[in-house]
Amino acid sequence: MADDLRAEVRKRAGMLGFDVCRFASASASWSAGERLAHFVEAGRHGDMGWMETTLERRAHPTAMWEGARSAIVLGLNYGPEHDPLPEMQDASAGYISVYARGDDYHEVIKGRLKTLAGQIAARTGEEVKVFVDTAPLMEKPLAQRAGLGWQGKHTNLLSRSHGNWLFLGVILTATEFEPDAPEGEHCGTCTACLDACPTAAFPAPFQLDARRCLSYLTIEFAGPWPVEFRTAAGSRIYGCDDCLAVCPWNKFAAAAREGRVQARDALVSPRLADLAALDDAAFRALFTKSPVKRIGRDRFVRNVLYAIGNSGDAEQIPSAEALLDDPNPVVRDAAEWALARLTT
Ligand code: B12
Ligand code: SF4
Ligand code: SF4
């Protein structure tokens, strides 16, 4: 497809607020599908049963949509104003990961992808489909192929120009666009992310065992956690940023331009005692339009109670006591555990 259409797509992507827009083949073969199969066979997806049930379609873009020829991969920078990790020194506050401090990125990105995809379809007359996170498409290997960056030893996609804080979105199209050059790997001998992980979730560089990852445990996993992870979680109550935040490539990162993904004050170092007291309605009100809302009050309060147990702060005891009779058994178990940690 002519270079002028590629340039126009890039320009329109920029106008829609995307920080990067690059092109890749969606039909060329890759090894990512085999690696995904290995990940699932080893059980590393844990309770994310949707990874197993969609395995075949997820393995390659053309397995999901036979007609896919090109991928337009978009990146939206959600960089924080400053290194977020020192916030965890305040043990009476909860730590919400940077990606979840503003509006839900799915909502922010999806509409813009649809707008851009509509414009491309109008120009090419060919079919397009849009993806952000939830569909059975491996977005990171596609982004690497398009040259947005590379999958680091922590398995996330990072970039020489944006560091580690990029949301990804993809448009698949039946049109053949000239691909951009893929990005190579620039981790070298660095192991900062592997060393920083509080739960040793990397069985090897470039591989993650999601079952050990605090992002999985706080967001995806509904049950009571093994004690090993409760203590390792510290004050992390939604997601985890350690492996991203320690990466030396963040020296090239800039703060997010997009206001909707910037942090809301209420979601930076919120008081654990306030969060533990949230009922369903107050939880929904606090997390309106936030991705945190998706996990529901019970799972969130479970996370808050683990953080209370780790706080070493006797003033948190009444918050745990107040939840000993909670209707939810996982919350009750977390309250008992937190209380035992603070009183024995
Ligand atoms: C499932 C999932 C998770 C799971 C599993 C994460 C994972 N690393 O797989 C959990 C819940 C843990 C998770 C956590 C997070 N997630 Co998530 N998640 C996804 C999702 C839906 C699918 C990812 C997937 O396919 N995983 C399966 C594994 C097998 O895939 P993979 O990581 O690409 O695996 C590669 C490597 O393991 C490697 N590999 C395997 N073996 C070997 C061997 C060798 C020798 C080599 C070289 C490589 C290699 O090759 C594989 C294929 O490329 C994507 C959205 C999407 N549809 O793609 C978002 C996505 C990856 N998540 C995202 C984010 C932001 C996060 C968090 C940062 C959120 C947070 N702050 O808490 C954390 C990061 C944790 C981490 N270190 O990965 C972003 C990442 C953006 C980016 N720049 O990379 C995505 C792309 C969503 C989006 N649209 O923006 N996530
Ligand atoms: S997000 Fe946290 S727990 Fe998960 S791999 Fe990275 S550092 Fe480890
Ligand atoms: S911290 Fe080091 S090893 Fe990890 S992704 Fe960044 S450069 Fe690669």
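**Exercise 1. Work out how many residues of domain 1 and of domain 2 are in contact.**

Solution. 22 residues of domain 1 are in contact with 23 residues of domain 2; contact here asks for C-beta atoms, placed from the backbone, within 7 Å. On the domain 1 side of this meeting, you'll find 4 nonpolar, 10 polar and 8 charged residues. For those classes, Ala, Val, Leu, Ile, Met, Phe, Trp, Tyr, Cys and Pro are nonpolar, Asp, Glu, Lys and Arg are charged, and the others, Gly among them, are polar.

A word on the model: it is predicted, with local features needing pLDDT of at least 70 and side-chain atom pairs counting only at pLDDT 80 or more, while totals for chains, interfaces and linings use all residues. Residues are numbered from 1 along each chain as its sequence is written, and chains are lettered from A and ligands numbered from 1 in the order in which they are written.

Next, the bounds: domain 1 covers 3-80 + 101-173 and domain 2 covers 192-249 + 263-343, as set by an automatic or database domain assignment. Their centres, taken over C-alpha atoms, sit 28 Å apart.

**Exercise 2. Find where ligand 1 lies relative to the two domains.**

Solution. Start with the shell: 34 residues surround ligand 1, and the closest are Glu 139, Leu 157, Phe 206, Ser 215 and Gly 239. To be near the ligand, a residue needs its C-beta atom, placed from the backbone, within 6 Å of it. Sorted by class, the shell holds 20 nonpolar, 8 polar and 6 charged residues.

Then go by element. H2 (32-41), H7 (139-146), S7 (166-173), H9 (214-220) and H11 (242-245) each supply at least two shell residues, with the largest share, 4 residues, coming from H2. Helices (H or I, at least four residues) and strands (E, at least two) are DSSP runs, numbered from the N terminus.

Finally, both domains give residues to this shell, so ligand 1 lies between them.

**Exercise 3. Decide whether Cys 197 is buried or partly exposed, and do likewise for Cys 213.**

Solution. An unreviewed UniProt entry lists Cys 197, Cys 213, Cys 240 and Cys 243 under "binding site"; such annotations may be inferred rather than shown by experiment. These four span 47 residues in sequence, yet no two of their C-alpha atoms are more than 10.5 Å apart, so they gather at one spot.

Now count C-beta neighbours inside 10 Å: 20 or more others means buried, 12 or fewer exposed, and in between partly exposed, with C-beta atoms placed from the backbone. Cys 197 has 19, so it's partly exposed. Cys 213 has 26, so it's buried.

Conventions
Two residues are in contact if their C-beta atoms, placed from the backbone, lie within 7 Å.
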